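Subject: Structure for your review

Dear colleague,

Please find below the structure that I am handing over to you. A summary of the findings follows it.

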Amino acid sequence: MLPEGTFEGRTAVVTGGGSGLGRAMALELARLGASVVVAGRREEPLVETVSLAEARGGRGLAQPADVRDPDVVEALMDAAVDRFGRIDILINNAAGNFVVKAEDLSPNGWRAVVGIVLDGSFLCSRAAGRRMIEQRDGGAILSVIASYAWTGGPGTVHS
């Protein structure tokens, strides 16, 4: 466990930050002193994550965003910089998945998962990375994946 204040003065953007692992990571980063920007498609859970972070003394911003849209991703990163002055950490946690037999997977289902996980991670990494380069003092990007992306598994051909 890292001590409180470890990320004081840093800003973290967490995609898929409204629930599950994304929420847990955002809350821990806030506990460690980072300002957190949580992104996702549904505003209500994002606002709840920020409320939880602020109740614990953190600072946050709920930013609804679809990571498949390059313009929306740029606006997300602009909002982070506008509000907190910088981006130091990006956690690519947004994901889309559903268990379905490969022969039953529709082209739209395929595009939805690949668009969020692959394209979204690229778009967010590129946008955050550009800002980190401009800051001239680095940053960190973490991309969360499912272990079955390496090994495969029933119903997960799209991952």
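In what follows, a residue is called buried when its relative accessible area is under 20%, exposed when it is over 50%, and partly exposed in between (1.4 Å probe, protein chains only). The model is predicted, so to speak of local features pLDDT must be at least 70, and side-chain atom pairs count only at pLDDT 80 or more, while totals for chains, interfaces and linings use all residues. Residues are numbered from 1 along each chain as its sequence is written, and side-chain values use heavy atoms, with hydrogens and water left out.

Salt bridges

A salt bridge is taken as a side-chain nitrogen of Lys or Arg within 4 Å of a carboxyl oxygen of Asp or Glu; the count by this rule is eight. Helices (H or I, at least four residues) and strands (E, at least two) are DSSP runs, numbered from the N terminus.

Arg86 counts as buried because its relative accessibility is 18%, whereas Asp137, at 44%, counts as partly exposed. Salt bridges with shared partners join Arg10, Arg86, Asp88 and Asp137 into one network.

Asp88 is buried at 5% relative accessibility, while Arg10 is partly exposed at 35%.

A further salt bridge joins Glu28 to Arg31, with the closest N and O atoms 2.7 Å apart. Both residues lie in helix H1, three residues apart, which is about one turn of the helix.

Second largest pocket

A pocket here is an open set of points on a 1 Å grid over the protein atoms alone, with protein on both sides within 12 Å along at least five of seven lines; lining residues have an atom within 4 Å of a point. The second largest pocket holds about 340 Å³ of space. Its lining has 21 residues, of which Gly16, Gly40, Arg41, Ala94 and Ala95 are the closest to the centre. Helix H1 (20-31) gives the most to this lining, with three residues.

With kind regards

Definitions and conventions
On a 1 Å grid over the protein atoms alone, a cavity is a set of points where a 1.4 Å probe fits but cannot get out, and a pocket is an open set with protein on both sides within 12 Å along at least five of seven lines; lining residues have an atom within 4 Å of a point. Grid points are joined across faces, edges and corners, and a volume is the space filled by probe spheres set on the points.
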